[in-house]
Amino acid sequence: MMTLFTSTRIWEKSRSCRKPDNRSVQFRFRWLMACLLLIGLITSDSVPVYGQCFGVSNAPSPSFSPSAGGFPNDLGTADFNGDGLTDLAIVGAGSGTILIRMGTGNGGFSPATFYKVGEGVMEMIVGDFNADGKPDIAAKDAVNPKIVVFLNQGDGSLSTPQPYPINAPAYGLAGMAAGDLNGDGKPELLVAVGVNETSTGSLAVLENTGNGTFTTSTLSVGDGPIIPKVADLNGDGKSDLAVVTYTEAAQKVVVLMGTGTGTFTPSASYALNGLPASIEIADFNGDGKPDLAVTDRQIGENPKGQVEVFLNTGSGNMGTSAIFTIGNLPWRSTIADLNADGRPDLVASTSTSPFEGDLAVLLNNGAGGFNAPVSYPAGRTPIGITAGDFNNDGKPDLASGDYNGNKVVILLNSGNGLFSSPPAGNTPFWLASADLNGDGKPDLATANITANSVSVQFGTDNGNFGPATTYPVASVPNTVAAGDLNGDGKPDLVLTSETTNAVSILLNSGQGTFPSATTLAVGVIPSSLAIGDITGDGKADVAVTSFSDSLLTIYPGTGSGTFGTSLTLTVGQQPQSVDLGDFNGDGLLDIAVANANSFSFSGQVSVILSTGNGTFAKPVSYETGPASVALISSDLNGDGKPDLAVVNLLGTVSILLNTGNGSFAPARNIDVNSRPFALAAGDLNGDGLMDLAVTNQFGNAVSVLQNTGAGTFAPPVDFATGESPTAVVIQDVNKDGRADIIVSNSGSDNLTLLLNTGIKFATQPSGGYSVNPGSAVPITVRVTGPANGYQWYKDGQIVAGQTEPTLLLRNIQPGDAGRYWVTVVSSCGSLTSTAFNLSVNTGSTGTPLTFLPPVYNCATGEITFNTTGGNGGEITFVAPGVQRSSLSNPTGMVEAELRADPKPLTITATQGGYTIHTTFNFAASCTSDTVPTQPVTDTTHCGSPAHTLGQPLRIIGVTDVNCSTGSFRILTEGGNGWPIDYSNIIGLNNQNPTSCLRFLDSQGLLADVTNPGSDKGNFTLRVSQNGVMSGSFSFNMKQYCTGAARLAIDEFAGLEVTVLDNPVSTDRVKVSIRGVGQQPVTVQVASAAGATLSGQTIEPSPNRPGDAIQTWVRLGSSAGIYVLRVSTLNQRKTVKVLKL
């Protein structure tokens, strides 16, 4: 699976060594070390650019998606490329551009396409300006006063910008709006002009000429216009205006009624109680009249944000405002029905400082007002805001531009207007993931370092997490781990407590709740922990590192959730992380500890091998990078032995490969981005290799390192997170078979969930294929995730024309032999399949010539005959009704009149005087309500009934038993339509391995079978198809062929089949069957042309062998004659049924 894109380095210089707040000693140590090591190494800032193969989603807090434009100031949504998915347009104020990012339909977005506007671009409007049904964009450049129009080219790309200068001073343009002002059906553009406290001001109007071009005029609306809005306020079908104005004297909303010709008359003005930020128009109280909602900031000390709602009393007149508090100071707003109750809700972007902002969601209360706001963290300074269905689930999601954070915040709607749970706790510092409540979904446990608690959040069906339940623990919990401590099969929780020098033990009640915590004393400043059977007695133990006294404390578990006397081991200086693994392959868990060793600026790993019975060898140290702070054990090179990956604060990850005897090769260091803090291992791209995810505190990102094999890694690719990311876990959150990433952000008190949206092979070729000259081979791959294209290769060269999921090779010749694979391209990059070898037989194969299923095209009638085996010589085909260029050409066209003929085609193949036959029902295979069935060489009483294709292959009985010749036929059903191999049954023989007619392999065995005194003749039948074996079926041929068995059969001799109510007018018919004895009976329904439609096998009652069997049989949907075939081991009868 491909998950990565190229990324530039992330660095936020202003926060590089900002003094930490009152957090843990561990956190402050890492901060100090990073500052000492990194100051002076960074020379410039850079803008983050991320791949989009991890779609952002709302974990129990916001998730972050980059804007890549610098200072995103405004947002808009539309389906720009016509693929039915919501795309995102972003104003990048820092780069003077508009960015278009196409939605992927799962909450993620493709890389941005940039369009230059000008250095003062601050706002935009999305609308169809040339009536072609495609969304266009108009953007405002405030520094060089103008409106710039981009027309959609139809594929989501935008035209060359068309500027329209506005007569205004620099920075003299304010808010924009669009609407049909003159009733001609074309939207005009408006922008407020001349903004300052004393200016008279006006609106610049760009009148639409109809083809996406505009003429400019001016509209006077009174003093200080800053934000215009267009709507029919009085219900007369003409567009009116509501304009927010601001002067030193007053702030108000001015309402002007439209005449329908592009002119307006003043109607009324309404005073505001704060400094206005935005205005929205919608029917908030459900009376059919548009109302006004203005977000503004209170005037005075310690101002708060608020929404002033003016309800329309009729004819465009507004009542007295009702005020609803927001909390923080608002920037902009948007409206959408967030909880599907049919009422417009309001969302405002707010902030209290350049480094703290949120989105305030106010749900409509049904009476024209709003419920109390629910706030969701949204980066540093969220300004622009928009709503759109980004993950295609029918619910409006939210996007906001984090101006000072240089990113876009995406909040996915989880239903009922909820976008995420409130933050799990103050400073979520560490994470653990396990199925805590036993529902099969991964849950989260978060150590909240300043709240002295652990938060538990259960996974939901949609790949999200529910509300947090918080449990108190010992103070300053800095790590958490999950494991079954009392042997009840449910994961319990253990947390280290930094200031009390203890660990908290929380036993799971069984439903994912944790009634109370107990504590165990450990060393000074515990820094990490691991859970596992360290002593080898089958019970879970706990190992804890302590930072100040350089100790490792091991508590042996008793198996009941309690622990025995602790054991302490001395490790390296300032141990920061511990993990377990069987490093020497003796079946015992060993220990690895990462030591910061800050006094020498040279980190190291201590490896402690278990010697059994809770004793350990002396630690062996391995050098790593400076200040090693995190460690994991995982098989990084695919040799089955656990290796080590270590995070070093200087900005590297050390890889130590296991040599196999418990020792490790010298560390190989990989550069990562600024101040790595923690890491996790998992297969992020589906190639079977363990990749790494590393949190970067200074970069506010998680770096993904893709394993390229042999323990080597590609350069890191970064994905944005919240502030100061600490812990990271890798888990398949939404159960789609792809590993996702969860990050705890200690600086912004939230979590980031990155859902893996990379493509992955669901099926791909393997092994090899050996075919005869002239054959056709179809090889198909299937991927999950959005694939944009396919290209097949042979021996490293492009195979011309092969750009579909299926590689179709016709009339194969020796020159086609080689090694084939396919490369799949997506917005994430490319992914290459496993290769397969194709060999072409040029001599005797040693196996008989046999037909394989043909390749056919129902739309065109093209068909290619397929064979395998033979002597490598030329094969000629005879197929009446199939037009071909020559007898040796296996590809031809079925004649038009035969494509609908219910009679099957008869196909003959000859090679060196050896001739084989098969049939193929083209009409039945291409009928939409019939499962296509592929023929096998011998179809008499054999093969797979059509209705069971796709089900497991199984033997349902035998027929045509001949005791004189020692032969019988094997009946099967199910399978995939390919030839069935009957050749692996001991004691039976036939030169054709795919013939269901089998013979006893010796005259001696035949004599034993017909001898009542012999103990031979009981056969266990098993067949295979494409290498997959069927279940076994026991057939006692001796019992069948001896006198006693014959008498038992003769007792019910004469198979009788009666169709009740023949003819019938329904799709079902009832059948009565007598004379089967205790043998199973097979009932099949076929069309008049012989195509099998359905089948079943019935076991008679052992207590009443002479009773009639009655069963219902389903016919086809069409009127006509159907053939009912009833058979036992030694009897067959055919009855025709007429359906009217």
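**Stop one: two loops**

Serine 550 lies in the loop between β41 (541-546) and β42 (551-555), and its phi is positive, about 55°, although serine 550 is not a glycine. Strands here are DSSP runs (E, at least two residues), numbered from the N terminus.

This is a predicted model, in which local features need pLDDT of at least 70 and side-chain atom pairs pLDDT 80 or more, while totals for chains, interfaces and linings use all residues. Residues are numbered from 1 along each chain as its sequence is written, and side-chain values use heavy atoms, without hydrogens and water.

Next, select isoleucine 525, in the loop between β39 (517-521) and β40 (526-532). Isoleucine 525 has a phi near 60°, a positive value, and is buried, with a relative accessible area of 15%. Most residues other than glycine have a negative phi.

**Stop two: the largest nonpolar core**

A nonpolar core is a set of buried Ala, Val, Leu, Ile, Met, Phe, Trp, Tyr and Cys residues joined through side-chain atoms within 4.5 Å. Select Leu203, Leu233, Leu241, Val253, Ile279 and Leu292, the residues with the most contacts (heavy atoms within 4.5 Å) inside the largest core, which has 31 residues. Strand β17 (residues 251-258) gives the most to this core, with five residues. A second, separate core of 30 residues includes Phe429, Val454, Leu506 and Leu751.

Definitions and conventions: Buried < 20%, exposed > 50% of the residue type's maximum accessible area, 1.4 Å probe, protein only. Helix = DSSP H or I, 4+ residues; strand = E, 2+ residues; numbered from the N terminus.
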